[in-house]
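Please keep the sequence and the structure in view while reading.

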Amino acid sequence: MLEIRSIESTMLFTERAGRLCQVARVVVGGPPGQAVVCRIDGPGLECPEPWHGVIGRTGHVTAEVGFVDRAGRAAGEEVEAELVLEGGGASAVQWAVLRVAEPGWTMYMVSHFHYDPVWWNTQAAYTSGWDEVAWAGDRRETFQHTGLVLVEAHMERARVDPDYKFVLAEVDYLKPFWDLYPDRRAEIRRLVAHGTLEIVGGTYNEPNTNLT
């Protein structure tokens, strides 16, 4: 038995069959492993390319179905939409109200890293070398990169990719890097001057507003 558990409109857009489509996020349920197809219909709506997927082991899957508002409604307006779910000879239909979003926005993802000093581990552990065992006792997990390694990783990427930009939001990890590798200071200054690197956060000790 197929079922449509939830439908929500998003502010996201994607390309489907060469058309710019708004994304509706739909949670559908059914037998695990069942292949399903989702599409959106409705007055003034078009689905250039139905969504194809498979129900997961938990008995549900989230589908991102693209649709086009051919009526040219303004952003924020609501429109009735019919969602059709089909698979394995079964089907389910449900009506929902979607909110029209505005296309043309651009999202910028800024590369950076963040650590919470002396919360999960000591600052000495966070600033150790990659090959050193910095964990207390017999805990020898080495899956988490240290602060010094991450600073170096960003700088290495900037050397090979002139379009790469990043943020260092941890002064308390940049400071040990600055002290341990004085030969890299000119490179850091150059990255800042060129706008490749932006240093964020002016305090060495990070105030915890949750303490209040």
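## Two helices in contact

Axes here are lines fitted to C-alpha atoms, for helices over the stretch in contact, and angles run from 0 to 180 degrees between N-to-C directions. In this predicted model, helix α3, covering residues 171–180, packs against helix α4, covering residues 185–193, at an angle of about 135°, and their axes lie 9 Å apart. Angles over 145 degrees would count as roughly antiparallel and those from 65 to 115 as roughly perpendicular, and α3 and α4 are therefore oblique to each other.

On the α3 side, the contact is made by Leu174, Phe177, Trp178 and Asp179, which meet Arg185, Ile188 and Arg189 of α4. Sorted by class, the contact of α3 with α4 has four nonpolar and three charged residues, with no polar ones.

## The chain as a whole

The protein chain holds four helices and ten strands, and along the sequence these elements follow the pattern β-β-β-β-β-β-β-β-α-α-β-α-α-β. Of the 212 residues in the protein chain, 34% are buried. Among contacts in the chain between residues at least 6 apart in sequence, 61% join residues that are at least 24 apart.

Strands β1 and β2 run antiparallel and are joined by ten bridges, one of which pairs Ile4 with Val28 in β2. The two strands form a hairpin with two residues between them, and Ala17, in the turn, has a positive phi of about 55°. Strand β2, residues 19–29, also pairs with strand β6, residues 60–69, in the antiparallel sense over eight bridges; Val26 stands opposite Ala63 in β6.

## The sheet β5-β3-β7-β8

Another open sheet of four strands has the order β5-β3-β7-β8, and its pairing is antiparallel as well. The edge strands of this sheet are β5 (51–54) and β8 (90–99), each of which pairs on one side only. On average, and with direction ignored, neighbouring strands of this sheet are turned by 25° against each other.

Within this sheet, β3, spanning residues 35–41, pairs with β5 in the antiparallel sense over four bridges, and the bridge partner of Ala35 in β5 is Val54.

## Cysteines without a disulfide

How many disulfides does the structure hold? A disulfide is a covalent bond between the sulfur atoms of two cysteines. The structure holds zero disulfides, and the cut-off used for such a pair is a sulfur separation within 2.5 Å. The sulfur of Cys21 is 7.2 Å from the closest cysteine sulfur, that of Cys47, which is too far for a bond. Cys47 is likewise in no disulfide, and its nearest cysteine sulfur is that of Cys21.

Are these two cysteines buried or exposed? A residue counts as buried under 20% relative accessible area. Cys21, at 0% relative accessibility, counts as buried, and Cys47, at 14% relative accessibility, counts as buried too.

Notes: Residues are numbered from 1 along each chain as its sequence is written. This is a predicted model: local features need pLDDT of at least 70, side-chain atom pairs count only at pLDDT 80 or more; totals for chains, interfaces and linings use all residues. Side-chain values use heavy atoms; hydrogens and water are left out. Two strands pair if DSSP finds at least two bridges between them. Angles under 35 degrees count as roughly parallel, over 145 as roughly antiparallel, 65 to 115 as roughly perpendicular and the rest as oblique. Contact means heavy atoms within 4.5 Å. Ala, Val, Leu, Ile, Met, Phe, Trp, Tyr, Cys and Pro count as nonpolar, Asp, Glu, Lys and Arg as charged, and the others, Gly among them, as polar. Buried means under 20% relative accessible area, exposed over 50%, partly exposed in between (1.4 Å probe, protein chains only).
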